[in-house]
Amino acid sequence: MKQGTLCGLDIGTTKTCVVVAAEGPNGLEILGFGEAPSLGMRRGVVVDLEQTVKSIEAATEKAERMSGVHIEEAIVGITGEHVRSVNNRGVVSVANDDREVEAIDVERVVDASKIINVPSDRQIVHALPRFFTVDGQDGIVDPVGMAGGRLEVDTHIVTAASSFLSNVLKCVHRAGIESAGVVFEPLASAAATLLPEEQHVGVLLLDIGGGTTDIAVFTGGSAIYTATIPVGGQILTNDISLGLKTSLAQAQEVKHRFGVGDVAGGAVRTFSVQSLDGRSQRDANTQELNAIVVPRVLETLRMARAKVLENVPRDLVVGEVVLTGGGASLPGLEALAEKTFDAPVRIGVPANLAGTIDALAFPQYATAIGLVLFARKSELAGVESARNGSLMTRLRGWLAALWN
Ligand SMILES: Nc1ncnc2c1ncn2[C@@H]1O[C@H](COP(=O)(O)OP(=O)(O)OP(=O)(O)O)[C@@H](O)[C@H]1O
Ligand SMILES: [Mg+2]
């Protein structure tokens with residue numbers, strides 16, 4: 001892969017998506033993408049290694065054909081209930097005698113913020129600086145070059161269960177791709193859909209996928225809370241299939257077409273569905289559908305709301321809610337979300353790129369596109385490179401090199 005070419009790999013519950021992008025004259029441009037059904041993942045966790053490998057291979061092959069790039073490494077999205085976030089603070093004395101903050105001090109203070117109690121079966125995936133404080137002056141975005149003796153940082157730390165993480169990476173490796181780093185998916189989706197102003201004022205992002213709903217809250221320009229709840233669009237399809245006694249395929253079709261069904265005041269529409277055995281048809285209507293879909297959608301939105309209320313300071317202003325992921329395309333969802341969150345709601349479609357491909361201008365591609373955007377923006381800073389391994393193994397590597 002040429003210098004400046006980036007690849008994002010989103011292994012979802014319903015589909016795997018590979019995006020290849022490269023730096024163009026006006027910013028990042030998409031060169032190609034590939035998509036394949038994903039059958040080996042459930043709610044962000046690998047349940048079938050072989051199926052997952054196959055899905056990655058199929059999506060990668062398509063992306064390679066379209067872009068003409070041979071994909072060697074990719075930034076890999078991770079999600080699932082095992083991923084958790086916490087905010088922490090690090091403090092160091094500025095090392096230099098002139099008392100001027102240098103890049104090395106920034107690295108040291110971010111490392112200091114990583115000293116938290118992480119159980120041995122978990123590992124830190126991100127330590128993202130939210131702001132720095134120099135000699136008591138907070139809210140500093142980049143302290144390098146500033147005068148001061150005491151440097152502090154507030155970071156957003158994301159941890160994941162090592163075994164779940166290593167299963168995802170195992171599949172990636174078996175598909176012939178090296179991991180260039182892992183990114184918690186809501187951070188990626190946010191990079192693709194949120195405007196800098198929104199991240200500054202305060203915004204809640206929900207990426208409603210097939211098996212998970214990823215949450216990210218931004219304020220002051222950075223993430224202060226990220227999490228995942230294990231419900232998504234698939235459960236809704238199941239509900240419709242059970243309620244209307246029809247196949248999952250037909251239930252999904254009805255869901256995509258009518259969404260929450262008839263919302264207050266709208267005319268009731270009738271449609272026909274096939275029985276489960278496919279032998280007979282019967283009439284169903286949007287009122288029936290509404291009675292099935294609305295409670296489940298409200299339940300999901302309220303679960304997300306409760307998580308945010310529990311974990312985000314009360315005085316924080318969430319000026320807006322942005323919905324993305326395939327589930328955000330559910331007709332009628334915006335109105336329900338507006339009521340639940342009592343805030344303006346918009347659907348987040350991947351943007352923030354110089355050049356994209358029309359076929360990718362849908363919410364379900366926010367994560368894959370966001371992976372390359374996130375990696376580029378932070379130059380994988382704060383992303384524990386899975387290829388380089390933990391700090392300890394890297395240290396061992398350096399020591400070994402010294403002796404050779
Ligand atoms: N027009 C639509 N209306 C309603 N739902 C839709 C629509 N289009 C897609 N979906 C739903 O979006 C879901 C898939 O979304 P997405 O592709 O973002 O999930 P994923 O990334 O594979 O899964 P996850 O992020 O949970 O691991 C499916 O449940 C699908 O039915
Ligand atoms: Mg997804």
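Of the 404 residues in the protein, 51% are buried, that is, under 20% relative accessible area with a 1.4 Å probe and protein chains only. The structure is a predicted model, in which local features need pLDDT of at least 70, side-chain atom pairs count only at pLDDT 80 or more, and totals for chains, interfaces and linings use all residues. Residues are numbered from 1 along each chain as its sequence is written, and side-chain values use heavy atoms, without hydrogens and water.

**Overall fold**
- The protein contains eleven helices and 18 strands, taken as DSSP runs (helices: H or I, at least four residues; strands: E, at least two) numbered from the N terminus.
- Because its radius of gyration (over C-alpha atoms) is 23 Å, close to the 22 Å of the globule rule for 404 residues, the protein is as compact as a globular protein of that length; the rule is 2.2 Å times the number of residues to the power 0.38.
- The C-alpha trace spans about 80 × 50 × 45 Å along its principal axes.
- Of the contacts (heavy atoms within 4.5 Å) between residues at least 6 apart in sequence, 67% join residues at least 24 apart.

**Helix H6**
- Helix H6 has twelve residues (233–244), which at 1.5 Å a residue should span 16 Å; the 17 Å between its end C-alpha atoms agrees, the expected span being 1.5 Å times one less than the number of residues.
- Buried in H6 are Gly233, Leu236, Thr237, Asp239, Ile240, Ser241 and Leu244.
- These buried residues pack against helices H7 (248–258) and H8 (286–311) and strands E15 (270–274) and E16 (281–285).

Technical notes
Chains lettered and ligands numbered in written order. Buried < 20%, exposed > 50% of the residue type's maximum accessible area, 1.4 Å probe, protein only.
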